[in-house]
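Please read the following note with the model open beside it. The points are numbered so that each can be checked in turn.

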Amino acid sequence: MSMKGMNSYQTVALGNLWDEKSRLSFSEVDLTDILMKPDVTLSLSLPPSPTTNDGLNPQERGVKLIQLLLTCANHVSAGNLHHADACLCQLSRLAAITGDPMQRLCARFASALAARLVKRWPGLYKALNNGGQVSCDVDRARSVFSRAFPCLSFAYAIINRTLIQAVSGEPEIHVIDLSSGDSKLWVPFIRALADGGPDERPCLKITCVSRNKEAQERLGARLVKEAESLKMAFQFNPVNAGLRELTLDMLQIKTGEALALTSILGLHVLLAEDDRVDANFGLRRSNDVKECKRMNEFLEMVKSIGPKAILLVEQESNHNSNRLVDRFVEGLHFYSALFDSIDAAFGGLSCPDRTVLEEMLGKEIENIVAGEGMDREARHEEYSMWAVRFTRAGFRPIRLWYEVMEEARRVVDGYGPGGFKITSQKGSLMICWHDRPIYAVSAWNCISF
C-alpha cells in the first residue's frame, strides 16, 4: 500500500499488500474512472460480493474495497441510507480489522462512514458510543507510536537542535509546550542546556499546556528531578487548559525571558469552526487556505510576546476541506501510508500494540469523515498552507541547518523498518514513508523581532 508513484489526489495506491508469503508490488487506481464505471452506480443492483475465500488476490480485493468505499461515500453524502447499508454489508465481508493493511484501512473507513450515517440520530449515536464500549487508550497508543516509529524522535531531534540555537547565551529561558508533554523531548533539552558548565547554565521555565492533569504532574516531577540532578534553576508551570481556552495570563510570562514555543500535532484543532457542509461528492478540489478567525487570533497573541522560535509539527495532509470527497480521498492517501508502515513495523503480525495504535488512527479517521463543525478537530493541513498562515500573521521561517537535518537523518536510520526517509521543502523537514510525506517540522520567528 505504498504511495510511491502517486501523481494526484485522484489516485489511490492499492499495493504493497501482503499475503502470508511475500510482499506484493503495488498498482494504482484512478478514482475518477472508478466513480464513472457502470458497476459503481448509485443503485442497489450491485454484484454479489465475494468473501475473502472467493479467490481474490490482495490487489483485486483492494480494488474492490476502494470501489465499494467510494460508492458507499456517495450514498452517505446523498443521504441514500438503504444503498449505503447495502455497500456496508459488502464491505463487512471483505474488510476486517485483523486482515492485511488494505482490509484494515478500509474497515476503519467503513466504520467512519457508518458513524456519519448514525449521527443523523444524535440520541442513537450517543447511546452507541457511551453504552459500555471500551474507549481508545490514547496514552498507550502514543507510547507505541513513539517506540515503533521514528516520527516523533525525528521531530524531537529537530526541535532540540533548533531551540538550543535560538536561545543560546540567554540567562532566562521560557519554553511553552503547547501539546507534547513528553519527557523524551524535554529531558534531552535540559541536558543540552546544562552542557555549558555551572557558570553558563540558564534559568529555565517550561510551561506545559494540556487538559491531561495527570500527564502534567508526571512530566513536572520528571523534569524537576532532572534539573535538580544537574543543579539547574528550573520552574515547571502546568496550565490545565486546551488551546481554545489559553490566555496570556496563564503563561506567566516575565520581562526578560527568552521565549520559545513548540506545538506537536496539536495546533490544527484551532481550525475547527462552524463551517458549512458541502455534501457533494463530485471531484473538485480547492487549494485555497481557508480564513479562520480563531487561528488568526491565536497567532496574533503568539506574535505579541515576541518568541525567538516557534517549532511546529503537523501531519503533511489536508483534511480541512468542507467537502467530504476531498477529506475522504486525502484520508485514504495519508492513512494507507501509515497502515503500510505499521504492517512493516510489526511484521504483518496482529498484536495488542498494533491494535491499540490502529484504534487511535481509527478515531482520527472517524473524526475526519463523520465529524462536522466544531466537533471536527482533525483538521490537518499541509506545510504549504501553514506557511501561508504564519507568513500572513507576521512570521518568517527559520532556516534549518544542515547539521539539524543530519542529526534527524541519523535518528531515522536507527529505526526499523526501512522505508522511512527525510526530505526538505522550502524551510520544512519532512519524514516520508517511501515517497509519501507524512509529518512536517518547521521553525518560525517574528519578522519584527
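1. Glu407 is partly exposed, because its relative accessibility is 22%; buried means under 20% relative accessible area, exposed over 50%, and partly exposed in between (1.4 Å probe, protein chains only). Glu407 forms a salt bridge with Arg161, and the closest N and O atoms are 2.6 Å apart. A salt bridge here is a side-chain nitrogen of Lys or Arg within 4 Å of a carboxyl oxygen of Asp or Glu. Glu407 belongs to helix H15 (residues 402-413) and Arg161 to helix H7 (residues 151-167), so the pair ties together parts that are 246 residues apart in sequence. Arg161 is also partly exposed, with a relative accessible area of 32%. Helices (H or I, at least four residues) and strands (E, at least two) are DSSP runs, numbered from the N terminus.

2. The model is predicted: local features need pLDDT of at least 70, side-chain atom pairs count only at pLDDT 80 or more, and totals for chains, interfaces and linings use all residues. Residues are numbered from 1 along each chain as its sequence is written, and side-chain values use heavy atoms, with hydrogens and water left out.

3. How many salt bridges does the structure hold? The count is 22. Among them is the pair Asp326 and Arg323, whose side chains meet at 3.1 Å, N to O. Asp326 is buried, with a relative accessible area of 5%, and Arg323 is buried at 6% relative accessibility. The side chains of Arg376 and Glu372 also form a salt bridge, at 3.7 Å from N to O. Arg376 counts as buried, because its relative accessibility is 0%.

4. Two packed helices are described by the angle between their axes and the distance between the axes. The axes of helix H3 (residues 81-94) and H4 come within 10 Å and cross at roughly 155 degrees. Axes are lines fitted to C-alpha atoms, for helices over the stretch in contact, and angles run from 0 to 180 degrees between N-to-C directions. H3 and H4 are therefore roughly antiparallel to each other (angles under 35 degrees count as roughly parallel, over 145 as roughly antiparallel, 65 to 115 as roughly perpendicular and the rest as oblique). Their crossing is left-handed.

5. Helix H2 (residues 58-78) and helix H12 (residues 324-345) have axes that come within 11 Å and cross at roughly 155 degrees. H2 and H12 are therefore roughly antiparallel, and the crossing of H2 and H12 is right-handed. A crossing is left-handed if the near helix is turned anticlockwise from the far one by less than a right angle, and right-handed if clockwise.

6. Most residues other than glycine have a negative phi. Lys231, which is not a glycine, has a positive phi of about 55 degrees. Lys231 sits in the loop between helix H9 (213-229) and strand S5 (234-240), and Lys231 is exposed at 73% relative accessibility. His434 has a positive phi near 55 degrees. His434 lies in the loop between strand S10 (428-433) and strand S11 (436-446), and His434 is buried, with a relative accessible area of 16%.
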